[in-house]
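Work through the exercises below with the sequence and the model side by side, and try each task before reading its solution.

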Amino acid sequence: MFLDVHELELHSIEFEETLPPGRIDFGRGVVQVEPLAVQGSAELLAAEIHLHGRLHTALEVCCDRCLEPTRRSANADFDLFYRPMQTIAVSTEVEITDEDLDIGFYQGNGLLLEDAVKEQVLLTLPMKNVCRPDCAGLCPQCGRNRNLGDCTCDKAAADPRWAALGDIARPR
Ligand SMILES: [Zn+2]
Ligand SMILES: [Zn+2]
């Protein structure tokens, strides 16, 4: 859904959308597994698009340690401001202060709601995504998922006589 500034000059836009999986490409390792519900409104304040509302969906994200897909629900309330891109293109003297970092920019005549939604969904993900706090990860030697059981490499590494060998075998 395109939020057009010329339409926003006339009236605010209320939206309530259900985006099926696949409509937004979330990038590598992140898959939307439920319809994404987003509702809210957009209005023009001076030249800034003010976008606020809430969204909900579910994602499948690969665990950083064991690489198994893990399911996460993504819920977010958002309250965002987008400035026209021209305001920084006109002057190279514009200083971006810390306060401005929460402000996005739009190009041309407006903003795709899907782009704003994508960013907000990705922000719900933690920096480190693990399937569970005690995920044992993969064995660095044989690649076995240690959550499913120990491999024989672990025993060898625990034996000091084999520790040196283990260091050599471990990929760098
Ligand atoms: Zn894991
Ligand atoms: Zn192993």
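**Exercise 1.** Why does leucine 67 count as partly exposed?

Solution. This is a predicted model, in which local features need pLDDT of at least 70, side-chain atom pairs count only at pLDDT 80 or more, and totals for chains, interfaces and linings use all residues. Residues are numbered from 1 along each chain as its sequence is written, while chains are lettered from A and ligands numbered from 1 in the order in which they are written. A residue is buried if 20 or more other C-beta atoms, placed from the backbone, lie within 10 Å of its own, exposed if 12 or fewer, and partly exposed in between. Leucine 67 has 14 C-beta neighbours inside 10 Å and therefore counts as partly exposed.

**Exercise 2.** Locate alanine 46 and describe its backbone.

Solution. Begin with its place, which is the loop between S4 and S5, strands being DSSP runs (E, at least two residues) numbered from the N terminus. Next, alanine 46 has a positive phi of about 55 degrees, although it is not a glycine. Finally, alanine 46 counts as exposed because it has 8 C-beta neighbours inside 10 Å.

**Exercise 3.** Which residues does isoleucine 49 contact beyond its neighbours within four places in sequence?

Solution. Two residues are in contact if their C-beta atoms, placed from the backbone, lie within 7 Å. With those sequence neighbours left aside, the partners of isoleucine 49 are Leu3, Val5, Leu8, Ala42, Leu44, Tyr82, Tyr106 and Leu111.

Definitions and conventions:
Helix = DSSP H or I, 4+ residues; strand = E, 2+ residues; numbered from the N terminus.
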